[in-house]
Amino acid sequence: MTEVRPGAVASPSLWERDAEVASVLAAIDALCADRTSTGTLMVIQAEAGLGKTALLTETRRLAEQRGCTVWSARSGETLRSVPFNVVRQLLQPALMSLMPEEAREYLGDWYDIAGPALGIADPGDRQADPQGVCDGLVAAVRRLAKREWPLVLLVDDAHWADQETLRWLAAFAERVGDLSVLVVVTRRPGEVAGESAHHLDAVAAAAGVSSLSALTPEATCGLTRATLGPHADAPFCREVWAVTGGNPYDTVELLAKVRDSELEPVEARAGELRALNRSARGGGLVARLEDLGIDATRFAWAAAILGTGITVDLVARLATMGREDAARCAELLRGARILTGPDPAAGGGSDGDLDFVHPLIASAVYHSIPDALRTAMHGIAAQVVADSGLGAAAASRHLLQVHPDDDEELVGQLRLAAREHPAVGAPDAARRCLERALLEPPTPEIHARVLYELGCATLLTAPARTIEHLQTALAMPGLDGGARVDAVCRLSQALLHNDQLEEAVRTVEAEAARHEPGPTRLRLHAVQYMWEGIHAGEAGSPGRSERLAELAAGCTGRDNAERALLILRGFDAMTHGESAVEVAELCDRALVNGRLAPGLGWTDPEWGIELLLMLASTYAYCDRLDRADALFNEGLRAYETAGWSGGHLSLAHAYVGLGHRRRGRLVEAEAALRESLRIAERVGRGLPLYWTATCNLVDTLLARGRVEEAWEIAERYGFAPPYPTTIVMPDPRCVRGRLLLAVGRTEDGVNELEAAEKAAAVRGHHNPVMVPWAVDLARALAAQDPARAGRLAADNRRQAERFGTDTAIGEALRCAAALETGQRAVRLAAQAVAYLEASPCQYEHAAARVEYGIAARSAAELNRGLALARSCGADGLVDQARQALESGLTPS
């Protein structure tokens with residue numbers, strides 16, 4: 001056990017913590033050894049009072065002895081609802097020490113994203129992406145760690161941390177090995193559930209976890225004698241251990257009471273220890289507080305209500321006492337070991353004059369306040385905080401604790417806070433505010449508006465809850481005009497995200513029927529057709545395409561509703577394989593001078609990402625890859641600039657990858673798609689975006705000739721039936737069918753491609769490039785059923801000529817050539833080369849060159865194909881061309 005003499009500097013709570021202190025010391029030494037040292041994450045887990053905080057204090061002392069920079073933060077039981085509270089404690093002091101221009105330069109692009117969450121920058125006008133803010137905070141620590149090396153971060157009582165901090169901590173834990181930083185986190189086991197528990201478990205999984213145990217009787221004896229003197233006899237020491245159970249905190253507090261009461265540490269007085277122990281904690285602590293007088297008690301209560309940023313002035317205002325009396329009470333509470341100056345190791349920070357000596361004392365004082373009085377004090381605290389200029393969001397945590405009382409002003413304050421929270425990336429905090437506002441309840445005039453705002457706040461995180469809120473809001477009076485239309489559109493979007501696409505369509509369709517012809521009705525029709533257009537299930541309503549064509553025919557693109565209808569009509573025509581020239585003309589009419597119109601941008605909330613992906617994909621499959629690439633990359637830049645790191649960014653990378661794949665830039669496509677899949681993993685499996693990333697990555701790996709990798713990706717990420725209800729491009733059944741053929745499962749591959757044929761027929765999807773089942777099925781059937789293969793190839797060629805792009809016709813000719821022999825095969829292969837040479841799709845061009853070279857036994861054509869295949873990164877084609885060349889071809 002750790003030897004501590006009476007009066008030694010080391011904390012009594014470090015008895016029997018040799019192993020833990022040694023681990024900390026080793027981690028500090030490793031950190032200080034080299035700027036490139038690997039980061040370390042340590043989690044110290046223990047029940048209350050077993051010495052977690054003391055171990056952090058010792059960590060700070062040891063780190064500072066070795067010249068480390070140490071930043072720390074402490075969570076609080078009453079502060080869980082304050083977003084970014086703990087991460088602000090941790091990082092804000094260092095960033096606030098910089099001049100604003102220095103901080104902006106230092107954080108670079110992350111300043112506007114992470115700055116508002118850290119409280120060093122004003123929030124923007126629109127909702128921040130929580131995942132983007134989280135990534136920004138990780139990036140901030142990454143940069144600060146390089147600047148402040150060697151850096152040690154301490155987080156005490158993480159089980160009480162706010163959810164936003166825990167999200168960041170879990171994300172940071174994944175990357176800590178890449179940084180030269182030491183992070184030490186303490187927590188109690190259990191204590192939390194749900195998302196917070198998930199984040200804490202992720203932190204523990206990435207760390208080395210140390211569990212602290214109670215002191216042994218021998219250590220308790222040593223601590224007793226170190227505190228009271230060597231004359232403390234053995235029976236007395238054993239009773240100290242029996243009374244406290246070896247809990248270090250309880251032991252230290254009990255021994256302090258023994259010393260204060262001048263109790264002789266001998267067996268004859270050991271019977272008095274239990275009574276003393278009761279007075280040292282719980283009800284005894286409350287009695288000790290009351291002994292200091294009513295003013296000191298009020299002061300301590302007010303400090304516990306504030307929880308953070310405890311200043312004498314704020315406490316005086318909350319406790320309704322003069323500044324002089326408040327200062328006197330603060331000194332009394334310091335003397336009684338209830339309050340202290342901010343402890344750097346506990347993250348006292350720079351925003352307050354006072355802190356509680358221990359988190360257990362803070363909790364005990366808070367829970368000792370009579371319930372009714374505690375609620376009332378929170379209401380006063382909200383006003384005090386707001387009047388201090390800290391804002392509605394800071395005051396909202398107190399308002400959440402106030403009993404409902406038909407307070408119209410309170411509802412207004414909570415709504416205001418709910419608008420502030422999303423701007424810093426804390427939508428869950430906004431949800432809590434609005435749910436509390438509903439309990440007040442709001443007046444009938446604004447009740448529906450509050451429900452609508454709540455629905456907007458939960459749209460991305462809880463679509464099922466959003467549906468309930470918005471349906472209730474729409475059934476109530478008070479939601480009219482544009483707000484009602486917005487609510488209907490958001491409701492349909494939530495239904496879509498909740499896999500209730502048919503109901504989404506019916507909801508918008510019913511609302512459209514309530515309106516006279518005009519812009520509003522046109523907008524609702526556009527949303528309806530958008531959801532129908534991305535549905536991958538059974539056929540839409542009869543005559544849908546005809547009605548959409550009729551609506552779009554009268555559109556000139558004078559407003560965004562008309563532009564949306566033109567895009568939707570173009571996308572519908574593209575999927576049906578209508579003339580690509582006419583399709584592209586429809587899409588061009590939806591642009592303004594070749595660019596997206598104001599209000600139709602990638603981050604504009606009214607229309608969402610789906611419409612723009614339809615537009616860009618339509619261009620991609622119409623061989624207008626210049627315009628498709630511009631749109632895909634514009635979307636990626638928009639989301640990166642805005643700090644959107646969730647599903648939108650994943651889709652942006654996926655569609656950039658699709659653009660590269662269409663161009664034949666397979667290496668770049670693979671990189672973009674792997675990044676898309678990495679982000680999609682964080683968002684959650686099973687979503688359409690997940691399918692888009694996986695499907696395109698499998699397709700790209702097959703094009704590269706890396707069949708085993710493609711199969712491994714498919715197996716790892718569940719790329720198999722059942723398929724999503726929304727459209728994925730290219731068609732996943734076609735891609736999986738091609739994959740099955742490539743791994744030798746011919747029968748399964750044929751079955752999958754036939755299923756793709758049936759699904760495409762039901763939806764009327766006859767674009768041979770977007771749904772290329774026919775070419776692969778014809779090749780697969782060539783030997784066993786040449787007649788059917790020939791029919792498929794002929795039908796595919798007719799569809800390709802109807803669509804009219806060089807890529808579609810060239811691919812159809814490649815398929816036809818593969819089914820022929822002799823000079824007819826050579827002629828068809830040459831025609832395929834001619835078309836694909838004019839196409840922007842270089843991989844298909846390379847494949848056609850290689851196939852033509854083999855058919856014509858032409859080394860010159862094979863060399864051209866080989867060069868193209870190398871430029872595309874198509875390793876399989878390269879090998880095929882080399883093998884043909886090495887076979888000693890001579891012209892036929």
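**Exercises on a predicted chain**

Among contacts in the chain between residues at least 6 apart in sequence, 68% join residues at least 24 apart. The model is predicted.

**Exercise 1.** State how many helices and strands the chain has, and give its extent along the principal axes.

Solution. Start with the secondary structure: there are 44 helices and seven strands. Then take the C-alpha trace, which spans about 115 × 70 × 50 Å along the principal axes of the chain.

**Exercise 2.** Decide whether His-845 is buried or exposed, and list its contacts beyond four places in sequence.

Solution. First place the residue: His-845 belongs to helix α42, residues 842-856. Next apply the cut-off, by which buried means under 20% relative accessible area. His-845 has 6% relative accessibility, so His-845 counts as buried. Finally, with neighbours within four places in sequence left aside, His-845 touches Val-833, Leu-836, Glu-837 and Leu-868. For the chain as a whole, 56% of the 892 residues count as buried.

**Exercise 3.** Classify Glu-409 by its accessibility and name the surface patch to which Glu-409 belongs.

Solution. Glu-409 sits in helix α20, which covers residues 408-423. Exposed means over 50% relative accessible area. The value for Glu-409 is 54%, and therefore Glu-409 counts as exposed.

**Exercise 4.** Give the numbers of positive and negative side chains in the chain, and say how far apart the centres of the two sets lie.

Solution. Count each set: 91 side chains are positive and 120 are negative. The centres of these two sets lie 3 Å apart.

Key: Residues numbered from 1 in each chain as written. Predicted model: local features only at pLDDT ≥ 70, side-chain atom pairs only at ≥ 80, totals over all residues. Heavy atoms only, no water. Patch = residues over 30% accessible without salt bridge, like charges linked within 9 Å, V, L, I, M, F, W, Y side chains within 5 Å. Areas by Shrake-Rupley, 256 points an atom, 1.4 Å probe, with all protein chains shown as cover. Salt bridge = Lys/Arg side-chain N within 4 Å of Asp/Glu carboxyl O. Lys, Arg positive; Asp, Glu negative; His and termini not counted. Charge placed at Lys NZ, Arg CZ, Asp CG, Glu CD. Helix = DSSP H or I, 4+ residues; strand = E, 2+ residues; numbered from the N terminus. Buried < 20%, exposed > 50% of the residue type's maximum accessible area, 1.4 Å probe, protein only. Contact = heavy atoms within 4.5 Å.
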